[in-house]
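I opened my notebook to look up the pockets of this model and then one of its sheets. Here is the structure I worked from.

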Amino acid sequence: MSNTKQETIVVDGLALAQDIRKELAEEVSKYAAAGKRVPCLAVVLVGDDPASASYIKGKQRACAQVGMEAIERHLPASSSQEEVIQVVEELNRDDAVDGILVQLPLPKGISPNAVAAAIDPAKDVDALHPNTAGKLLLGNPTIAACTPLGSMEILDRQGIELEGANAVVIGRSNIVGKPISLMLQSRNATVTMCHSKTRNLKEVCQQADVLVAAVGVPRLVKGDWIKPGAAVIDVGVSNIDGKLVGDVDTEGAKGIARIITPHRRGVGPMTITMLLRNTLTAYRERTGE
Ligand code: NAD
């Protein structure tokens, strides 16, 4: 056995996101130059949660960066589910709106599933509508969940071979674990989906050529859980005493993994970028451009 340590690439997700945003900006500028309207994302914020407000601002800034339009509908925290759905339906009818994103979490008493189901699937750029999830399951998605899309883009742009690879996904949520498992499977990886009841998680992870951690348990994945040369995508973000920590012990993974995404400047910037890409896709499909 060789004692040579694996050189680990710590992926700069922000730099990658900026590259893709430049590509998107070029596409959008062609429409603007031809005198056409540019793609438009509508964001709906219910209540005054500072974190949600800051996420919305980040998405609006990202739209501006690529030349897309962003409009905001801000409703009071006291709004009823019917009032929120009414706003979503107005945006559905508005021809100048291509994508609709309802910022989660919603105040108590408002069902995120009911609100998501009210979004026109053609404008479902945050991929929360059951039709969007169904299309991914059937293998013909045009729009899909942003964090999984961003993670796949990282794997592709790092040249990670997926066909025939053993992929292990920890976490089975509707927004990350399930969709990324389907995406990896559609690329011919052999996928194992793990969760809180999985036995021998460490041993399962040790078989992974591609390991995706989307859990929310700080540093759950230790260095000795990682197969030498594996590609590791750390989606998890936990706040420990004001410090952000991922699901993977990044330092422990260095010298073992081939690539790893850090919990800061990793998957996060790619998530918003995929929201922009979904909005451009929705615009193209709606306008026939
Ligand atoms: P979730 O809480 O909906 O799902 C967590 C999953 O982890 C569940 O399926 C559960 O079964 C599994 N799990 C919990 N404890 C476990 C354990 N000890 N061992 C194995 N599996 C376990 O979370 P989510 O919405 O999928 O998010 C997961 C993490 O990813 C969170 O930290 C979240 O903040 C982060 N996240 C980051 C981004 C980003 O853009 N960077 C986007 C979405 C989510």
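I started with the lining of the largest pocket: its largest share, seven residues, comes from α2. The model is predicted, so to speak of a local feature I need pLDDT of at least 70, and side-chain atom pairs count only at pLDDT 80 or more, while totals for chains, interfaces and linings use all residues. Residues are numbered from 1 along each chain as its sequence is written, and side-chain values use heavy atoms, without hydrogens and water.

**Entry 1, the largest pocket.** I noted a volume of about 1,500 Å³. Of its 43 lining residues, Tyr55, Thr147, Val237, Gly268 and Thr271 are the closest to the centre. A pocket here is an open set of points on a 1 Å grid over the protein atoms alone, where a 1.4 Å probe fits, with protein on both sides within 12 Å along at least five of seven lines; lining residues have an atom within 4 Å of a point. The volume is the space filled by probe spheres set on the points, which are joined across faces, edges and corners.

I then listed the elements that each supply at least two lining residues: α1 (13-33), α2 (50-65), β4 (99-102), α6 (146-157) and α10 (267-287). Helices (H or I, at least four residues) and strands (E, at least two) are DSSP runs, numbered from the N terminus. Domain 1 (35-121) and domain 2 (145-268) each give at least three residues to this lining. The domain bounds come from an automatic or database assignment.

I counted 20 lining residues, with Ala127, Leu128, His129, Ala133 and Asn174 nearest the centre. α4 (112-118), α5 (130-138) and α7 (177-186) give two or more residues each. The largest share, five residues, is from α5.

**Entry 3, the sheet.** Which strands form the open sheet, and in what order? I found three, in the order β3-β2-β4, with parallel pairing. Strands pair if DSSP finds at least two bridges between them. β3 and β4 are at the edges with a single partner strand each, so one side of each has no neighbour in the sheet.

Next I followed β2 (residues 40-46) and β3 (residues 69-75), which pair over seven bridges. The chain goes from β2 through α2 to β3 in a right-handed β-α-β crossover. Right-handed means that, with the strands pointing away from the viewer, the path from the first strand over the helix to the second runs clockwise. Val44 has Arg73 of β3 as its bridge partner, and Val46 stands opposite Leu75 in β3.
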